[in-house]
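Here's a quick briefing to read alongside the model. Have the sequence and the viewer open, and hop between the topics as you like.

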Amino acid sequence: MSKKYALVIGNNQYDDPNWHDLKTPERDAEAMAAVLTDPKIGGFDQVIPLLNASVPEMRIAIAELFDARAHKPDDLLLLYFSGHGTLDSRDKLFFVGKETRHGSLIRATGLEAGYITGCMDSARSRRQVIILDSCYSGSFGKLSKGGVPTQEIFEGDSQVLFERDKETLEVTGNGYGRHILAATEALQLAWEGDTLQGEVENSFFTQFLVEGLTKGLADRNNDGLIDIEELYDHIREGMQAGKQTPIKRSLHADGKLIIARSPISPFKRKEEQLANLLVQAEKAMDRDDYTRAETLLKNVIQVETNDLLVETAQAMLDDLKVERTRARAYSNVKSLLKKGAARASRTAWKRFSDQYPNYDPDELAAHIPLIPSHRKPIEPQQSQLKTTNTTKKSQILRAEAILSKPFAWIEIPAGQVMIDEKVVQVKPFTIAKYPLTNAQFALFIEAGGYKEKKWWTEVGWEAREKGWDWDGAKNEWTATGKPWTEPRYWNSHKWNGLEQPVVGISWYEAVAFCLWLSNKTEQEIMLPTEEQWQYVAQGGDEREYPWGNEWDCQRCNNSVEPCNTRGTTTVTHYEGNGDSPFGAVDMAGNVWEWCQTDYENKSNDIYSQANYRVLKGGSWVYFHPIIFSAFFRSRLVPYQWHNNKGFRLTLSPDNEVEQFVLASFGRKLTEPSPLTEQKLNVTKKPQSLRAESTLPKPFAWVKIPAGQVTIEDKVLKVEPFAIAKYPLTNAQFDPFIKAGGYKEKKWWTDAGWKVCGKEKWTEPRYWQDKKWNGAEHPVVGVSWYEAVAYCRWLSDKSGQVIILPTEAQWQYAAQGNDGREYPWGNEWDSSRCQNSVDGRLGSAGSTTPVTAYEGKGDSPFGVVDMAGNVWEWCLTEYESGSNDVNGTKIRVLRGGSWDYNDTYIFRAAYRRKSYPHHWDHFRGFRVALSL
């Protein structure tokens with residue numbers, strides 16, 4: 001009888017600091033091992049978990065798994081890996097172990113894919129499955145450019161061995177072959193939710209993998225069994241809304257290779273599938289996709305296994321027919337209006353409104369002519385852009401006069417470019433020297449661009465109205481019903497610098513801006529086509545990068561080692577360093593740039609309903625050089641947006657560019673003054689002025705009565721005290737800096753002053769970073785030593801005994817007397833604090849003002865932000881429980897922070913520890929007062 005064996009590897013901790021510590025592989029591996037071990041699902045005879053392993057440990061375990069002496073031809077061998085994957089300079093795939101070195105040493109210290117396939121080739125088992133959840137995992141079994149299986153990966157002696165054992169496998173039943181499931185395409189990064197792997201909370205690929213097995217969702221044919229094809233189909237459909245494309249490859253495969261059983265009976269599974277079809281049909285009807293909805297409903301009706309579901313489907317189908325007829329008639333009226341048929345549109349509207357009263361979502365009634373006018377000939381359009389001709393050209397300002405600097409046009413001569421092995425001719429045109437900036441896009445917002453439907457394509461306006469946004473809990477893009485009113489991140493200081501490229505915009509918004517600017521300038525302005533963009537980036541010599549054929553991370557904004565970045569730069573930052581042959585700036589890195597072109601059919605029609613539009617150039621967030629090459633193509637659904645997507649403008653050669661008096665119409669985005677320039681209330685005061693009068697708002701004391709609290713099975717009494725209602729803010733920490741707090745030894749413990757001098761601290765880390773230094777945001781980047789020094793300074797200034805809360809005081813203030821799980825109660829609720837549970841914050845996560853969750857997540861005593869936002873230093877030593885302020889041992893942290901996604905961490909009783917000299921962007925503190 002055949003047996004099943006599995007090796008499950010999860011690596012998320014690394015010795016080399018250049019590898020980001022991951023948060024999920026260990027949990028993913030444990031979840032995968034559990035489902036494979038479960039006799040009702042995987043039923044594997046042996047499952048070996050290997051967590052945070054070195055490369056030698058992985059090599060030995062993989063060799064043992066595929067040892068030809070230990071298995072029979074009909075045994076099933078499964079290898080699962082979750083962790084970092086990377087490509088070397090030759091595009092060879094390596095997996096990262098605990099001690100693997102980054103950069104050029106990857107070949108010496110990493111686990112090469114060829115080693116794994118060598119073990120698989122030598123194995124006796126002819127049923128092999130390898131599942132890879134890492135960046136570039138699709139490179140396993142594929143040439144870097146050819147896209148076909150290689151001899152190194154698949155051949156060897158495997159063909160002969162498979163043919164030899166084919167008869168045995170067919171006799172024993174079940175399918176056979178070698179199958180690879182990979183989380184990403186060959187040159188694709190592993191995304192999870194809306195965040196790159198390496199800075200993530202939830203594994204996107206493994207989520208659907210485990211879900212398909214544990215819930216039986218991958219049992220597509222309801223036979224109670226899950227084969228490898230069904231599992232892949234479930235994962236692929238689940239990941240469609242994300243940014244990565246899973247891959248499956250097979251060799252010598254025949255029949256269905258069963259990997260698990262469904263824990264749900266086929267009958268119940270079928271009912272669940274029918275219910276899901278009804279849900280999908282309802283969503284299709286909501287987006288007016290009547291053909292899809294009709295197909296789904298008919299599928300339910302034809303099954304005839306559940307009378308209630310069938311009757312529901314039939315009723316929905318009847319409603320659909322009515323809606324479809326109404327939509328078709330409404331569309332006819334719109335068509336007549338668009339063609340200028342006054343009499344016909346008036347008559348059609350009367351008949352429609354009589355039959356369907358009170359239905360007019362596009363407000364057509366306001367455009368129906370009351371009295372038909374004489375017919376005017378329709379002049380042929382010279383282009384798809386709607387511009388207004390006028391004889392008063394001198395009153396029209398061109399784009400270079402309207403848009404604030406930096407802005408300039410570059411004239412591009414005719415030429416040709418190679419795209420997908422096809423030579424494409426390019427006519428002369430003009431392109432913007434830089435990507436569009438926030439200051440330039442602000443004009444469109446001020447002019448009511450998000451309120452005027454005339455600047456938008458019909459599909460674009462619909463997307464604006466629906467307000468598409470990423471739902472981290474569902475891992476999909478969702479129509480929120482909240483219309484867009486400005487780019488996402490528009491009010492984020494990290495992204496809205498005047499000369500930074502505008503980000504957080506969809507393709508539809510970029511096109512709307514172009515249509516608005518075209519009308520305003522009487523120039524035909526649009527996004528560049530893909531061939532125009534690539535020709536400008538490459539010039540006539542088909543170079544790899546705008547500056548030449550050799551990669552140089554110093555020439556653009558990117559995250560390729562050692563040039564790691566944390567966000568966008570000004571559009572002029574790399575001018576003169578990474579320019580294209582024609583002098584265009586930022587055509588590699590900084591932001592991906594939307595192109596006019598439909599990715600699939602290469603049409604440049606802005607009114608077509610393309611599934612994807614082309615993006616070019618790479619962005620600040622990527623760390624593989626090939627992505628920044630001029631010929632690299634990327635795609636995205638036109639309603640989607642991110643903090644690394646922007647655009648630049650092109651000018652049609654058919655319109656003459658005229659010179660006008662330069663004038664600036666750009667407004668300046670509102671930016672708060674740097675923290676050091678804020679007028680804080682720190683003028684001369686009496687020596688014994690209390691803290692509540694000294695510190696800027698928001699600040700208040702909350703008096704806590706006597707009580708008791710349980711910490712690690714020990715009941716501790718708590719005497720009355722007062723605690724700050726909120727964590728300490730940047731504005732409240734600022735007076736300490738200005739008063740010379742980092743220069744006065746008297747405020748510091750001996751150990752703290754020694755560290756301060758050695759590390760040359762003069763202010764908290766991230767103090768000058770706009771993402772973290774908001775006046776009412778909690779101060780971060782502070783060590784325990786700095787928090788204690790601040791308390792000593794404030795005690796002297798206020799005449800009060802102020803210090804960090806002890807661990808017992810902190811927990812009692814968070815829990816009250818009933819020992820609750822969270823400050824607000826015993827049930828988790830993501831909306832009550834700043835956290836990253838279920839990918840809630842995505843890649844834009846950070847702290848919030850300390851009052852943001854006031855009234856939602858308060859403790860029983862009314863203390864705010866005791867879960868999430870920032871970890872808070874406590875006075876207490878972690879191991880001894882001592883509250884000696886002069887100690888140097890590990891101290892307690894409480895409360896969790898914005899960066900964490902495990903609900904367990906936000907419990908009031910959860911303890912964390914750290915050395916007193918450590919600091920990070922998720923640690924802060926609040927103060928306590930002795931009564």
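**A buried glutamine, then the big picture**

Glutamine 809 is buried, with 17% relative accessible area, and you'll find this glutamine in helix H22. Keep in mind that you're looking at a predicted model. The protein chain runs to 931 residues, of which 54% are buried, and the chain has 22 helices and 35 strands.

- Take the contacts in the protein chain between residues at least 6 apart in sequence: 71% of them join residues at least 24 apart.
- Glutamine 809 touches Val718, Phe721 and Ala928, once its neighbours within four places in sequence are left aside.

**Nonpolar cores**

- The largest nonpolar core has 65 residues.
- Which residues have the most contacts inside that core? They are Leu403, Phe441, Phe444, Phe513, Leu527, Phe647 and Leu649.
- Helices H13 (399-402), H14 (438-446), H15 and H16 (507-521) each give two or more residues to this core, and so do strands S18 (468-471), S20 (525-526) and S21 (592-598).
- H16 gives the most, with 10 residues.

**How H14 meets H16**

- The axes of H14 and H16 sit 10 Å apart, and the two helices pack at an angle of about 75°.
- That angle makes H14 roughly perpendicular to H16, because 65 to 115 degrees counts as roughly perpendicular.
- On the H14 side the contact is made by Gln440, Phe441, Leu443 and Phe444; on the H16 side, by Glu509, Ala512, Phe513 and Trp516.

**Salt bridges**

- Side chains of opposite charge can pair when their charged atoms come close.
- How many salt bridges are there? The count comes to 28.
- Glutamate 462 and lysine 466 form one of them, at 3.1 Å from N to O. Both residues sit in helix H15 (residues 458-466), and because they are 4 residues apart there, about one helical turn separates them. Glutamate 462 is partly exposed, at 33% relative accessible area.
- Arginine 911 and glutamate 712 also meet through their side chains in a salt bridge, at 3.0 Å from N to O. Arginine 911 is in the loop between strand S32 (891-894) and strand S33 (912-914), while glutamate 712 is in the loop between strand S27 (707-711) and strand S28 (714-718), so the pair ties together parts that are 199 residues apart in sequence.
- Glutamate 854 and lysine 725 make another salt bridge, at 3.0 Å from N to O. Glutamate 854 belongs to the loop between helix H22 (807-815) and strand S31 (871-877), and lysine 725 to the loop between strand S29 (721-724) and helix H19 (730-738), so this pair ties together parts that are 129 residues apart in sequence. Glutamate 854 is partly exposed, with 32% relative accessible area.
- Salt bridges with shared partners join Glu712, Glu807, Arg894 and Arg911 into one network.

- A polar atom of the asparagine 11 side chain lies 2.9 Å from the backbone nitrogen of alanine 53.
- Leaving out residues up to four places away in sequence, asparagine 11 touches a list of residues including Leu22, Pro25, Leu51, Met58, Phe81 and Val96.
- Glutamate 229 lies in helix H8 (residues 228-238) and is partly exposed, with a relative accessible area of 38%.
- The side chains of glutamate 229 and lysine 248 are joined by a polar contact of 2.9 Å.
- Glutamate 229 and leucine 257 are 28 residues apart in sequence, and their C-alpha atoms are 8.0 Å apart in space.

Terms used:
Residues numbered from 1 in each chain as written. Predicted model: local features only at pLDDT ≥ 70, side-chain atom pairs only at ≥ 80, totals over all residues. Heavy atoms only, no water. Salt bridge = Lys/Arg side-chain N within 4 Å of Asp/Glu carboxyl O. Buried < 20%, exposed > 50% of the residue type's maximum accessible area, 1.4 Å probe, protein only. Polar contact = N/O pair within 3.5 Å; in protein donor to acceptor, adjacent residues only side chain to side chain. Contact = heavy atoms within 4.5 Å. Core = buried A, V, L, I, M, F, W, Y, C linked by side-chain atoms within 4.5 Å. Axes fitted to C-alpha atoms, helices over the stretch in contact; angles between N-to-C directions. Parallel < 35°, antiparallel > 145°, perpendicular 65-115°, else oblique.
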